Amino acid sequence: MVELSDYSGLNPTWCPGCGNFGILKALNSALVELNIEPHRLLLVSGIGQAGKLPHYTSGNIFNSLHGRPVPPAIGAKIANRELVVVAISGDGDAYGEGGNHFIHACRRNHDITYLVHDNQVYGLTKGQASPTSDTGFVTKTTPSGAAPPINPVTLAIAAGATFVSRGFAGDAEHLTDLIKKGINHKGFALIDILQPCVSFNQKNTFQWYRQRVYKLPEGGEYDPADKAAALGKAQEWGDKIPIGVIYRQEAPTYEDQIPALAGAPLVTREISPAQVENVITEFL
Amino acid sequence: MPVDINFLVGGEAGQGVQSAGFLLAKAMSRAGYHVFADQDYESRIRGGHNFFRARIKDGRVGAVREDVDILVALNKETIDLHLPELAAGGVAIYDGETIADAGADKRLFSVPLEKLAGERLMANTVALGAALALIDYDPAMLDIVLSGYFREGKVAEGNIAAARAGYEHVMKGYAGKRRALKTVVTGRRMLLTGNDAICLGAIAAGCKFMAAYPMTPAGSIMEYLAAKSGELGIVMVHAEDEIAAVNMTIGAGYAGVRAMTATSGSGFCLMVEGLGLAGITETPVVMIDAQRPGPAVGLPTRTEQGDLQFVLHAHHGDFPRAVLAPRNVEDAFGVTIRAFNWAEKYQLPVIILTDHHLATSYATVEPFEIGGVNIERGLIYRGEGAPEKYRRHEVTKSGVSPRAFPGLSRALVVTDCDEHDEAGHLTEDAATRTAQVQKRLRKMVGLKQEISRPFTYGRKKAETSLIGWGSTGGAIQEAVDILRREGRSVNMLQLNELWPFPTAAVSDVLGVATNTYVIESNATGQLARLIKTETGRDVSGKILRFDGRPLTPAFIAEAAKKEGC
């Protein structure tokens, strides 16, 4: 059995009280509860404080460029479909630098889970506005206030993602459950995680979020398969912020639809130069 | 008398210039002739002026020639532009019923292409039959070629009938203009483009993953491998952009499959970020840059060798890479296999530089020998020792650390685009940084040993040496023949491995010849600059072409003479 001690790593360099600690705890718990051994796991992260997370736990790790964790995660998943692939970003990484990769990964429905640590600010570069900063958020790069934010949940549903959810770093238990659901989901699973930045975001604090977040009811009261209702729920932001699975549908994954991927993982297949002989005859 | 016939099929986009030209080349290849054919087209879907040149010889041919023996003009513009290119004894076929104002040139022969076709769509096939009748081509062989191309059914039957109609029209009406060729069938050769040869090389090398974004002239590589995906077990992902393409390719390479991407110069610009990622994470990846004239969009459907200095230096920081440039279609197969081997053996990005001319030109090549294909995957960790002791970036004497594949053993494969320690975890420790940089750069020592002697042609001692790289190999070789026939003392050196640079081989040539000229399809002589930095020597001169058109033997020979060769 996998134990929490299997998911220990380097000591985090995050600020004391950072929302990332809750996310790390929830991810480790989810991996243990799903009994995923570290060598079966691939964590692909970007750059930012979120991107450091893989080093503070365990697994195969590909710490990628800023904005780019999703494409190598896709390449690795196709190379070895047996890997559990989790991509990890911050809001700048996912929705700014990596915006194009994000919408197309949603659309193609790759079978990976995407954790976005959404603290509505750039932390590692010390406090500039991010794509999800609230309207009017004043920073050194937005002295007149930030432009209206991207709504990642709406964007993901519109782009065709098949699992769209929002978690809160201040509720690790709920987040653990979301991450488990995301990993178990066949297809692209977004978990946008409200993550207070204790150093650079004095507006969207733990307290601010705690006063607003509420858990979407499960078991029939809220139906995440209803796309129109989900888009409506995704718009809710302000006095009340829903967390939980906002949208979910079953659909074939990208990988399921590639005939070449039927059978053993690509990485285990032998290299056979003789394979080219049949093709050569076409050119004669 | 040796056979050397140059066909040119011209018309506007949508008239079937490419298919008629290809079928002509295919027909001549099937009859046993050697063929070299290039394509000249504009960046548009309909209209404009396009042509397809197919040069036929009974011996090896590696370049196009400007003067035309048999011109097939599918529109008036082709007559206007290419009639002046007709060689002595040359003839032109056109449709006098649809082109009334062709003029009174005696070399023009009208064949009612559209009327014989019954519909405009197959006029190009009628023209094909007519052109082949001018050399008394075997009509039964033409039927076989058309059946093979159009497969079975009504389309094939219609085209066979159309070709036959054009063929018979010429056989009846132009007895005096025909030139019978001896049949030279000697066994089947392949007829393929540089891009095709790269695809075959990738398949033979065991490439299992490609991600790319469509871009001329690299697009046919992704299309071909996508079409073969199910049959060969190769996944081709049409990515959202070139940044995604290179990063997906790197992800697949990290996970342990042979992976590549292909683009042109401005797509490579977007991939430069990923190039360094492959460098610092020591991930094997093959990147094809099919060059076209830049900067920016430049001349999108034309040729240039303008990216050499760019790919040598692309990305920030110091890390090892390899740059290869196949010198012809045949060479592209072997170079591609070498690229995959080097990428894995030395765990670095390998760039293959082709260009529009090589990527899209057809050549006849003897069927590739599979027996000689050697797969070298380099050092691989297969579960030796305790898995917790595995360190992806272990500092070794060669600089190469055994690769483990995530998920295939209990060893964890950890890497980072930040500087990292041996275990792959990010660090800012000064000593570790120094050790990792040195470790990565040490891989070049081994890689340098892999460099082979470059291709040379002509006597070892000559007054003049022509030095080229990549796709110009065939044109320079024929230019050497032209100049030697005129009594000049000339030889050549053609580089297909550019980085690590073959310093010794190039220095040898520079030390012997009185005059040394680089021949390049760019405006500044990028190879000349590389030679200077690597050997300390200057060349005597540069023969450059950068109008987007391919270097030809006659162009090179004339320019060399002007230089004083």
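The model is predicted, and local features need pLDDT of at least 70, side-chain atom pairs count only at pLDDT 80 or more, while totals for chains, interfaces and linings use all residues. Residues are numbered from 1 along each chain as its sequence is written, chains are lettered from A and ligands numbered from 1 in the order in which they are written, and side-chain values use heavy atoms, with hydrogens and water left out.

**View 1. The contact between chain A and chain B**.
Chain A brings 50 residues to the contact and chain B brings 70 residues. Contact here means heavy atoms within 4.5 Å. About 4,900 Å² is buried between the two chains, and carbon and sulfur atoms give 68% of that area. On the chain A side, A:Ile271, A:Phe283 and A:Leu284 lose the most area to chain B; together they make up 15% of what that side buries. Buried area is the accessible area (1.4 Å probe) that two parts lose on being put together, summed over both.

**View 2. Polar links and elements at the interface of chain A and chain B**.
Four salt bridges cross this interface. The rule asks for a side-chain nitrogen of Lys or Arg within 4 Å of a carboxyl oxygen of Asp or Glu. B:Arg410 pairs with A:Glu37 in a salt bridge, with the closest N and O atoms 2.9 Å apart.
On the side of chain A that touches chain B, the elements giving two or more residues are β2 (60-63), α2 (70-79), α4 (99-108) and α9 (276-280) of chain A. α2(A) gives the most, with seven residues. By class, this side of chain A holds 28 nonpolar, 14 polar and eight charged residues. Ala, Val, Leu, Ile, Met, Phe, Trp, Tyr, Cys and Pro count as nonpolar, Asp, Glu, Lys and Arg as charged, and the others, Gly among them, as polar.

**View 3. Strand pairing between β2(A) and β15(B)**.
β2(A) pairs with strand β15 (residues 414-416) of chain B in the parallel sense, over three bridges. Strands pair if DSSP finds at least two bridges between them. A:Phe62 has B:Thr415 in β15(B) as its bridge partner. Helices (H or I, at least four residues) and strands (E, at least two) are DSSP runs, numbered from the N terminus.

**View 4. Domain 2 against domain 4 in chain B**.
Chain B is assigned domain 1 (4-188), domain 2 (192-365), domain 3 (387-450) and domain 4 (455-562). These bounds come from an automatic or database domain assignment. The C-alpha centres of domains 2 and 4 of chain B are 25 Å apart. In chain B, 27 residues of domain 2 are in contact with 26 residues of domain 4. The area buried between them is about 2,200 Å², with 55% from carbon and sulfur atoms.
One salt bridge is counted between these two domains. B:Arg338 and B:Glu497 meet through their side chains in a salt bridge, at 2.5 Å from N to O.

**View 5. A salt bridge within chain A**.
A:Lys180 and A:Glu33 form a salt bridge, their closest N and O atoms 2.7 Å apart. A:Lys180 lies in helix α6 (residues 172-184) of chain A and A:Glu33 in helix α1 (residues 20-33) of chain A, so the pair ties together parts 147 residues apart in sequence. Over all chains, the count is 46 salt bridges.

**View 6. Backbone details at B:Pro217, B:Pro295 and A:Asn109**.
A cis peptide bond, with omega about 0°, joins B:Thr216 and B:Pro217. B:Pro217 sits in the loop between β8 (207-212) and α8 (219-227) of chain B. B:Gly294 and B:Pro295 are also joined by a cis peptide bond, with omega about 0°. A:Asn109 is not a glycine, yet has a positive phi of about 60°.

Terms used:
A polar contact is a pair of N or O atoms within 3.5 Å; within protein, one must be able to donate a hydrogen and the other to accept it, and residues adjacent in sequence count only if both atoms are side-chain atoms.
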